[in-house]
Amino acid sequence: MEEITQKENIMGTQRMSRLVLFTGIPLMVSLFINSLYNFVDSMFVSQVSEKALTALSLAAPVQLLVSALGLGNAVGLNAVISKALGKKDTEEVRRAADAAIFIAFCAWIVIAVLCLLLVKPYFAWQSGGDEMIAEYGIRYLAVCMLFSFGQMGQWVFDRFVIASGRSGLFLFTLSAASITNLILDPIFIFGLFGVPRLETLGAAIATVIGQIVGMFAGIAINRKWNREIPFGFTPRPDRSSIVDILKVGFPSTLVQILTSFVGILMNSVLITFSSTAVAVYGICIRINGVSTVGIHGITNGLIPIVAYNYGAANRKRVSHAVRWSFLYGTLFYLPFLAVLEIAPTWVLRIFEASDYMLEIGIPALRILAFAWVVAIPALTISAGLQGLSMGMSSMILTMARQAALPLLFAGILSRLGNVNLLWLGFILAEFIGIPLAVWFWKKGYGQIQGGMLE
């Protein structure tokens, strides 16, 4: 009970301008470290060949699909546990924690089955008939999916410390995972210290080992320093806790699944231009993961803040949290925007870009970099809606921005025969998303009475 009271002092009373940074900055750093998984994999694999890099680009949407299952669980447990802590209900916290672990285990089983059924047919479809690209991709993706239990577990134990207001501990688990990956990547990819050269297979092995290390680090840290969230594995978790977690988290899962399909369909369009265009799109996704860590870290930290103050019936702090998150998210992205607009050639050279890749990649990177800044208002509001347990509204907003509208514009613009025009569809989608986000927020916030939704 003493620890819960301490948490209230942080989440319920600390000045919001500090609290948003206190919660968000550790997440920013951790997301930056986490984004290095795929970024570093692509950077090293680009030194193998452009076809190997294209294979990782084709694998990226499926990896997004895999992480969608972990993300939905993480978002749901984050809001549910934070709300239970706000109500000071220790038993509800325990039930939610056990349910989250059970969901993570089930997610891994689903991913492994999907791997065995779909990975080979997927690359046969997406590789454009290039057997080398397909072979590189199958080796990489099969290992990432079959051993994804580390990733699923890491999502859970990381979010335990975030939900309790101890985001700083998150850095230790993710640092352990990412440092392991960084060390092992060149060893397994290029065959150093007597290890055979495994190329894309080596990148996958390094990734899953890092994730497993991160999971065990998360278990140890929560056991020792986050005892206000008791947890264990049970084959019979509390059904109401599972429902509560899925109710909040499923929209995020569905949105990311749809976003994954957008990536798959975009690759299908881009491969008709060239495999290089697919590689460029994959590089841009990797760069997005690094450059937008500010806004995503802040908005991930926003969810438990809003959820806690929603549970504590503090309407004013909910509003202030969203405003400060938008401001900080924008400020943290601006330096990346400047680099991407001014020096796109330098950024692309990190991935051994050929002259033809630069010809496609420079306009793509500049256009998409601008689209990412336009996305910040909708990203902030979407996180706020999740904190208010308005997952359906958040889902509809994100589906429109990241799935329906980009695909619509890609289908129209691809008929013009210029690959550079496809990227403009992302900007148009984000501009349309802003008024839609504002409308959802006004509708939801207007129903808050004394801090509680009707």
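**Contacts, bridges and confidence**

Student: Which residues does threonine 54 touch, not counting residues up to four places away in sequence?
Tutor: This is a predicted model, so the contacts are those of the prediction. Threonine 54 has its place in helix α3. With residues up to four places away in sequence set aside, threonine 54 touches Ile133, Ser275, Val278 and Ala279.

Student: Is threonine 54 buried or exposed?
Tutor: A residue counts as buried under 20% relative accessible area. The value for threonine 54 is 1%. Threonine 54 therefore counts as buried.

Student: How many salt bridges does the structure hold?
Tutor: One of them is formed by arginine 94 with aspartate 98. Another joins the side chains of arginine 401 and glutamate 430. The number of salt bridges in the structure is six.

Student: How far apart in sequence are the parts tied together by lysine 51 and aspartate 130?
Tutor: The side chains of lysine 51 and aspartate 130 meet in a salt bridge, at 3.0 Å from N to O. Lysine 51 lies in helix α3 (residues 50-86), while aspartate 130 lies in the loop between α4 (90-126) and α5 (131-146). The pair therefore ties together parts whose separation in sequence is 79 residues.

Student: Is lysine 51 buried, partly exposed or exposed?
Tutor: Partly exposed covers the range between the buried limit of under 20% and the exposed limit of over 50%. Lysine 51 has a relative accessibility of 37%. Lysine 51 therefore counts as partly exposed.

Student: About how many helical turns separate arginine 94 and aspartate 98?
Tutor: Arginine 94 and aspartate 98 form a salt bridge, their closest N and O atoms being 3.1 Å apart. The two residues are four residues apart in helix α4. Because of that spacing, the separation is about one helical turn.

Student: Which helices hold arginine 401 and glutamate 430?
Tutor: The side chains of arginine 401 and glutamate 430 meet in a salt bridge with an N to O distance of 2.8 Å. Because the pair ties together parts 29 residues apart in sequence, each partner has its own helix to be named. Arginine 401 lies in residues 391-413 and glutamate 430 in residues 424-445; in that order, the helices are α16 and α18.

Student: What are the relative accessible areas of arginine 401 and glutamate 430?
Tutor: Arginine 401 is buried, and glutamate 430 counts as buried too. For arginine 401 the value is 3%, and for glutamate 430 it is 9%.

Student: How far is the sulfur of cysteine 115 from the nearest cysteine sulfur?
Tutor: The count of disulfides comes to zero. Cysteine 115 is in no disulfide, and the nearest cysteine sulfur is that of cysteine 144. A disulfide needs the two sulfur atoms within 2.5 Å. The sulfurs of cysteine 144 and cysteine 115 are too far apart for a bond, at 9.5 Å.

Student: Are cysteine 115 and cysteine 144 buried or exposed?
Tutor: Cysteine 115 has 6% relative accessibility. Cysteine 144 has 8%. Cysteine 115 therefore counts as buried, and cysteine 144 likewise counts as buried.

Student: What is the phi of glutamate 199?
Tutor: Glutamate 199 lies in the loop between α7 (167-190) and α8 (200-225). Glutamate 199 is buried, with a relative accessible area of 17%. Although glutamate 199 is not a glycine, its phi is positive, at about 55°.

Student: Where is glutamate 352?
Tutor: Phi of glutamate 352 is near 55°, a positive value in a residue other than glycine. Glutamate 352 counts as exposed, at 52% relative accessibility. Its place is in the loop between α13 (344-349) and α14 (355-374).

Student: Where in the chain is confidence highest?
Tutor: The chain averages a pLDDT of 83, and 91% of the residues score at least 70. Confidence is lowest in strand β2 (residues 452-453), with a mean of 44. At a mean of 93, the highest confidence is in α5.

How values were computed. Residues are numbered from 1 along each chain as its sequence is written. This is a predicted model: local features need pLDDT of at least 70, side-chain atom pairs count only at pLDDT 80 or more; totals for chains, interfaces and linings use all residues. Side-chain values use heavy atoms; hydrogens and water are left out. A salt bridge is a side-chain nitrogen of Lys or Arg within 4 Å of a carboxyl oxygen of Asp or Glu. Buried means under 20% relative accessible area, exposed over 50%, partly exposed in between (1.4 Å probe, protein chains only). Contact means heavy atoms within 4.5 Å. pLDDT is the predictor's confidence in each residue, from 0 to 100.
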